[in-house]
Amino acid sequence: MDTVHDIGGRQGFGPVHWQHDHDEEAFHEEWQARAWAMCMCMFAVWRGNPEVWTLDWFRHVRERIDPIDYLTRNYYDQWVQSLAATLIDNGTIRLEELLAGSRPRETSAIAEESTKSGGTAEKSLTDRNEFTGSEPAFSVGQKVRTKMSTAAFHTRLPAYVRGRVGVIENHHGSQPLADASARGVIKPEPLYTVAFETTDLWPEEQASRDRVFVDAWESYLEPA
Amino acid sequence: MASYDSDKVAHIHEELHSHLPPEPALRAKALESLLVEKGVLKTDAVDRWLDNFAEKIGPKNGARVIARSWVDPAFEGSLRNDAMQAFTALGLAKGGGYGLKAVFNSDTVHNLVVCTLCSCYPLALIGMSPSWYKSNEYRARAVREPRGVLEEFGVKLDGDVEVRVWDSTSERRYIVVPQRPAGTEGWSEDQLAGLVTRNSMIGTHRDLRPGDGAA
């Protein structure tokens with residue numbers, strides 16, 4: 001879906017306010033750290049179980065936030081709302097409970113799992129499976145054109161490179177296609193890095209030698 | 001079971017927008033409290049996660065890897081070929097299939113990393129990204145006017161330096177390896193690691209100088 005999240009290359013945005021960030025400060029406010037960690041704990045519980053969650057589904061849930069909210073509300077606030085929406089959708093909580101509070105219950109098995117995974121944060125964050133997919137159809141150095149549209153749902157082909165010609169920079173084996181993962185379907189497919197000349201992307205950049213690199217799944221591409 | 005129904009979650013968002021308290025900290029607290037009350041999260045799960053993450057993962061880990069690559073050509077080769085393996089070799093990761101690509105600056109190349117579609121960043125290795133990295137301004141502009149963005153960060157590039165912008169659109173992640181500054185011959189690895197800033201690993205800081213580092 002072409003929601004407002006696909007923001008690369010949109011013009012009219014002002015300066016990047018970077019002066020308030022410091023290397024030793026991972027979060028500006030405590031609630032932001034807790035909100036993020038709460039999401040990570042739930043992801044660790046759900047990872048590997050596409051019946052209840054995939055990361056691409058969560059990304060899509062965030063993409064469905066009201067466009068005005070998406071552009072204006074704090075990043076971690078959006079994560080909280082997206083986690084709440086994900087939990088309501090998959091039946092873990094009900095909206096009414098969130099609004100009204102709920103009665104205490106026994107600690108469940110899922111809570112045990114959330115604490116266990118909290119003890120191995122860096123492992124569960126970096127844990128990725130190797131996937132076997134088909135042989136790559138494109139070779140390094142080959143010219144390709146990106147498709148004008150890919151999925152009507154979630155996709156990772158940004159609008160600013162669609163229909164453009166680029167060159168295969170590298171092939172990375174297979175990764176689950178994000179468009180399918182967002183629907184809970186794990187479908188490994190060859191993944192490439194594609195290099196685009198900025199002169200082929202932006203009308204005002206006709207003298208530039210700069211390049212933009214995008215990771216793209218095979219079904220996003222056709223021979224040019 | 002997840003519905004994987006886009007319009008259904010859009011409707012849930014509308015309900016949440018309308019009925020949750022407007023203050024973000026209260027919204028976060030309400031959700032965490034409910035998850036604990038329902039037994040979905042243990043009381044200390046969030047604290048434990050944060051303690052564990054803060055203790056082990058941060059920009060200093062990236063700085064250590066980069067400093068080693070400056071003093072050890074074989075390690076630099078390993079960082080170029082398989083960056084995840086380089087982190088694993090220093091005990092800063094446990095391996096696995098996390099795809100990490102290290103992109104090296106040179107006199108004629110400057111690299112810049114962005115995620116235009118969301119906020120992808122190698123946070124499992126070098127900690128949380130700065131808030132500006134997740135901003136609309138950076139995400140929109142980095143791929144279209146990288147030189148203008150870099151100037152705002154104080155990075156002025158000659159015309160003969162090629163800018164390479166890496167948009168993190170898959171599960172692969174990128175880390176920029178800045179150049180070792182002149183005048184640091186004979187420095188220890190720890191001293192060198194102290195020069196490497198978080199922004200330099202994203203590409204919004206190019207010329208490292210003593211006193212700027214994360215360590």
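This note goes through a predicted model point by point, from its conventions to the contacts between its chains.

1. Conventions. Residues are numbered from 1 along each chain as its sequence is written, while chains are lettered from A and ligands numbered from 1 in the order in which they are written. Since the model is predicted, local features need pLDDT of at least 70 and side-chain atom pairs count only at pLDDT 80 or more, whereas totals for chains, interfaces and linings use all residues.

2. Domains of chain B. Chain B is split into domain 1 (7–54) and domain 2 (58–202), with bounds that come from an automatic or database domain assignment. Taken over C-alpha atoms, the centres of domain 1 of chain B and domain 2 of chain B are 32 Å apart.

3. Helix 2 of chain B. Helices (H or I, at least four residues) and strands (E, at least two) are DSSP runs, numbered from the N terminus. Helix 2 of chain B is followed by Gly39(B), with a positive phi near 80°.

4. Burial of that helix. A residue is buried if 20 or more other C-beta atoms lie within 10 Å of its own, exposed if 12 or fewer, and partly exposed in between, with C-beta atoms placed from the backbone. The buried residues of helix 2 of chain B include Leu31(B), Leu34(B) and Leu35(B), but also Arg27(B) and Glu32(B). Their cover includes helix 1 (30–46), helix 4 (75–89) and helix 5 (95–100) of chain A, together with helix 3 (45–56) of chain B.

5. The interface. In all, 83 residues of chain B are in contact with 95 residues of chain A, a contact being two C-beta atoms, placed from the backbone, within 7 Å. Helix 1 of chain B gives the largest share of the side of chain B that touches chain A, namely ten residues.

6. Val212(A) stands opposite Val165(B) in strand 3 of chain B.

7. Arg145(A). This residue, found in strand 1 (residues 143–146) of chain A, is partly exposed because 17 other C-beta atoms lie within 10 Å. Arg145(A) and Arg164(A), 19 residues apart in sequence, are 5.4 Å apart in space, C-alpha to C-alpha.

Definitions and conventions. Two strands pair if DSSP finds at least two bridges between them.
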